[in-house]
Amino acid sequence: AGAFSNSGAVTITSPGAALAGIDASSLSTSLINNSTGTISISGGGLYGIKTSKDFTNNGTISISGTSGEIFLGSGNLMNNGTFKGNGTIDGNDFFSGSGSRIAPGTSTGILSFVNTATQDLSDTYFDIEINGTTPGTEYDRITISNNVDISNAVLNLIEGAYSPETSDVFTIIEVAPGGIITGTFNGLLEGGTVIFNGEVLYIS
């Protein structure tokens, strides 16, 4: 019964070991975070959000800590806004609308997609920070347990003080064994180059 539609600011901190910050598993309709809505989830807990219905984000969702998990069950998550933080999206399919943003970490961090059949990140802006060669603590990474489509996605590298060395390798998208990355970043074909802090990086 009921519905969830947010246009304000929702902050969830440490919902508890057996609880979800937002437990929408009994809702009869989908969840919507509207364009002015922000949902921030942090601290300890089982799930930040738990639902079996479709979840549409048109605003901003930020997740971190052990409660930074969104459990979708049989629902799908449609991101038309900004999705950022350190955490896990667990469940069904994740789709991104044109112009949406994925930003791992609160600074640098890792976003993980698990137990999902489809990751459609085409036409998405990837905001990726690089401050060193260690994933999660020094540069951003997205990990995916299945296949992902990044066709026409935009790679936005955020420069800090770090200057890459010739031997440096940055795995921005890591898929599980057998997983397939379909498509390429906008304007960056296999072997293409980008300039980062005056150094040339190659796409592979």
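Guide: Before we look at any pair, two strands are said to pair if DSSP finds at least two bridges between them. In this predicted model, strand β12 (residues 87-90) and strand β15 (residues 110-114) meet that description, pairing in the parallel sense over four bridges.

Visitor: OK, switching to the open sheet. What is the strand order?

Guide: Seven strands make up that open sheet, in the order β2-β5-β8-β11-β14-β17-β20, and their pairing is parallel. The edges are taken by β2 (9-13) and β20 (154-159), and because each of these has a single partner strand, one side of each is left without a neighbour in the sheet. On average, neighbouring strands of the sheet are turned by 15° against each other, with direction ignored.

Visitor: How is β17 joined to β20 and to β14?

Guide: Strand β17 (residues 125-130) pairs with β20 in the parallel sense over six bridges, and among the residues facing each other there are I128, which stands opposite L157, and I130, whose bridge partner in β20 is E159. Towards strand β14 (residues 101-104), β17 is joined by two bridges, the two strands running parallel, and F126 of β17 is the bridge partner of I102.

Visitor: Is β17 mostly covered or mostly exposed?

Guide: β17 is mostly covered, since five of its six residues are buried, a term that means under 20% relative accessible area.

Visitor: Which residues touch the most others in the largest nonpolar core?

Guide: That core has 42 residues, and F83, F126, L155 and L157 are the ones that touch the most other members. At least two residues each come from β5 (38-42), β8 (60-63), β15, β17, β18, β20 and β23 (193-196), with β17 giving the most, namely three residues. As general background, nonpolar side chains in soluble globular proteins tend to be buried together.

Visitor: What about nonpolar residues on the surface?

Guide: I195, V200 and Y202 form a nonpolar patch there, with about 350 Å² of accessible area together. V200 belongs to strand β24 (residues 199-202), and because its relative accessible area is 42%, V200 counts as partly exposed.

Visitor: Where do D123 and N197 lie?

Guide: D123 lies in the loop between β16 (119-120) and β17, whereas N197 is placed in the loop between β23 and β24.

Visitor: How accessible are D123 and N197?

Guide: D123 has a relative accessibility of 31% and so counts as partly exposed, and N197, with a relative accessible area of 23%, is partly exposed as well.

How values were computed
Residues numbered from 1 in each chain as written. Predicted model: local features only at pLDDT ≥ 70, side-chain atom pairs only at ≥ 80, totals over all residues. Heavy atoms only, no water. Axes fitted to C-alpha atoms, helices over the stretch in contact; angles between N-to-C directions. Patch = residues over 30% accessible without salt bridge, like charges linked within 9 Å, V, L, I, M, F, W, Y side chains within 5 Å. Areas by Shrake-Rupley, 256 points an atom, 1.4 Å probe, with all protein chains shown as cover. Salt bridge = Lys/Arg side-chain N within 4 Å of Asp/Glu carboxyl O. Buried < 20%, exposed > 50% of the residue type's maximum accessible area, 1.4 Å probe, protein only. Core = buried A, V, L, I, M, F, W, Y, C linked by side-chain atoms within 4.5 Å.
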